[in-house]
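Student: I have this model open and would like to go through it piece by piece. Could we begin with one of the sheets?

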Amino acid sequence: MASFRFSLIKLKSMQTELVLRKVHNLTCNKAFVNGKWVTAQSGKMFDVYNPATGDVVASVPDMNVEDFQDAIKKAYDAFATWKNTTAKERSHHLRNWFNLMMQNQEELAKLMTAEQGKPVKESAGEIVYAASFFEWYSEECRRIYGEVVPAPVANKEMMFIRQPIGVAAMITPWNFPSAMITRKVGAALAAGCTCVIKPSEDTPLSALALGKLAEAAKIPPGVVNILTASSENAPAVGKLLCESPQVAGLSFTGSSDVGKLLYQQSASTVKKLSLELGGNAPFIVFDSANLDQAVSGILASKFRNSGQTCVSANRILIQEGIHDRLVRKLAEAMKKTLIVGDGFDSTTTQGPLINRQQALQVDEKVKDAVDKGARVLIGGKFHSKGDLFYEPTLITEAKGNMRICQEEIFGPVAVITRFRTEDDALALANASNAGLAGYFYSNDISQAWRVAKRLEVGMVGINDGLISCAEGAFGGVKESGIGREGSRHGIDEYTNIKYICFGNL
């Protein structure tokens with residue numbers, strides 16, 4: 001990995017340099033703690049790379065346990081006053097943060113593409129999506145209601161109120177480096193919590209840019225803290241966030257394996273947890289479906305962010321009556337619309353994978369499928385653009401014993417399995433430990449209701465391949481996590497219900 005990147009750094013592109021000049025005001029090389037921009041106590045830094053070119057985009061502080069402990073203390077102290085602000089005050093701060101994101105949409109998008117690789121148009125879409133959580137929670141925080149409950153006896157009154165839990169720690173991934181932060185932070189701040197955020201080591205710049213805007217929005221010191229850490233420091237930092245008694249809750253988005261570890265480590269403090277973990281989304285197309293709509297849905301769900309989303313269509317199940325026609329239509333659409341290249345090229349729809357390890361895992365899963373009898377109709381190998389670019393791939397005749405059906409792909413690979421009946425489709429769809437999202441296309445209303453209820457997932461898209469929005473309750477079942485983000489339910493993760501009983505009235 002290191003040697004691969006070192007060789008590319010020598011070929012630093014003029015395009016990356018021009019982009020960095022344009023986003024200079026939002027590019028940070030320090031962490032944001034207690035309203036100040038600080039370096040690591042050790043003085044160590046680590047580099048951030050553009051996956052499309054290998055260019056070094058920036059260097060950021062490599063914060064360790066001591067740095068994070070200090071930030072936790074600052075957030076804990078800030079909570080003492082932030083929890084007493086009014087909902088209207090918190091609404092005002094979130095709305096200001098939203099406005100600043102929208103005013104800086106273009107610069108935030110370019111910075112994201114420089115460190116993450118996704119097409120800049122897609123990055124701009126993420127900024128709008130990310131900002132929508134600040135807008136939503138700026139409004140929803142004024143609706144954190146309690147309850148008055150009829151008492152069982154005449155001389156009592158009972159009520160439930162909601163109170164913020166305290167300091168919320170957040171560990172966020174690289175695939176949506178802005179939205180996965182705002183979805184958590186918006187709800188936490190709305191509830192009255194303070195935050196300590198550790199973004200992915202692959203995409204820290206988008207997080208730090210949000211810190212700059214938080215500062216501009218005049219969010220009080222210590223309420224939002226953003227600290228960067230390398231992969232070497234990440235395990236110890238994660239353990240601290242789980243075990244610190246000053247951290248009341250932990251929100252994590254990432255792999256199921258890491259989520260399980262954090263779950264275990266949080267047991268010592270019985271911390272409130274929100275875990276959004278891996279998926280293995282089925283995408284079912286029944287005979288009654290509109291095939292053109294189904295193809296559009298597959299393209300949107302499977303190939304957004306080059307397949308690097310937790311709700312990507314991982315297993316595409318097609319009923320035998322339409323199988324051959326739909327596969328032909330999908331192949332034609334893929335050849336026509338999917339263009340691989342640098343995210344700053346306006347024609348690009350498929351950028352690079354995030355790093356070499358991820359690219360190799362995708363290729364290994366494709367080879368395993370071929371070895372076990374799958375057929376590659378399109379792609380199936382690395383692209384000539386470079387070692388982190390993978391050809392949009394279409395595979396048919398996939399079977400349940402293949403890794404590509406058992407594991408999350410996280411790459412631009414569409415995997416097709418044929419089925420006969422509705423029961424067959426549901427058996428295949430539910431044969432997974434993951435249960436994040438599921439999709440199906442059908443114009444049979446009775447079937448739509450039956451299948452939606454029987455799919456073992458937390459979210460269902462019916463005749464729709466894009467279901468994420470601030471208003472939606474995002475989360476899974478099984479090993480895909482616990483808790484919900486977005487919607488009014490997102491605030492539940494950051495509040496405790498207190499029961500108050502007045503007696504002898």
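**Sheets, a hairpin and a helix**

Tutor: This is a predicted model, and in it 3 strands form an open sheet in the order S5-S6-S22, with antiparallel pairing.

Student: Which are the edge strands?

Tutor: They are strand S5 (147–149) and strand S22 (495–502), each of which pairs on one side only. From one strand to the next, the twist averages 25°.

Student: And how many bridges join S6 to S22?

Tutor: Strand S6 (residues 157–164) is joined to S22 by 8 bridges, and the two run antiparallel. Within that pairing, Met 158 stands opposite Cys 501 in S22.

Student: Switching to S3 and S4, what do they form?

Tutor: S3 and S4 form a hairpin with 6 residues between them, and Gly 54 in the turn has a positive phi of about 85°. The strands themselves, S3 at residues 45–49 and S4 at residues 56–61, pair in the antiparallel sense over 5 bridges, and Met 45 stands opposite Pro 61 in S4.

Student: Now helix H12: which of its residues are buried?

Tutor: The buried residues in H12 are His 323, Leu 326, Val 327, Leu 330, Ala 331, Ala 333 and Met 334. They cover an arc of only 165° around the axis, so they sit on the same side of H12.

Student: What is on the face turned away from the buried side of H12?

Tutor: That face carries the exposed residues Glu 332, Lys 335 and Lys 336. As for what covers the buried residues of H12, this includes helix H11 (291–303) together with strands S12 (281–285), S13 (313–319), S14 (375–378), S15 (393–396) and S16 (413–419).

Student: What span should H12 have at 1.5 Å a residue?

Tutor: The 15 residues of H12 (residues 323–337) should span 21 Å, and the end C-alpha atoms are 21 Å apart, so the two values agree.

Student: Last one, what does the UniProt annotation cover?

Tutor: The unreviewed UniProt entry carries the annotation "domain: Aldehyde dehydrogenase" for residues 37–500. In the model that span is 39% helix and 21% strand, and its end C-alpha atoms lie 42 Å apart.

Terms used:
Residues numbered from 1 in each chain as written. Predicted model: local features only at pLDDT ≥ 70, side-chain atom pairs only at ≥ 80, totals over all residues. Heavy atoms only, no water. Pairing = 2+ DSSP bridges. Helix = DSSP H or I, 4+ residues; strand = E, 2+ residues; numbered from the N terminus. UniProt positions renumbered as here; feature names shortened; annotations may be inferred. Expected span 1.5 Å × (residues − 1). Buried < 20%, exposed > 50% of the residue type's maximum accessible area, 1.4 Å probe, protein only. Arc of directions from axis to C-beta. Contact = heavy atoms within 4.5 Å. Axes fitted to C-alpha atoms, helices over the stretch in contact; angles between N-to-C directions.
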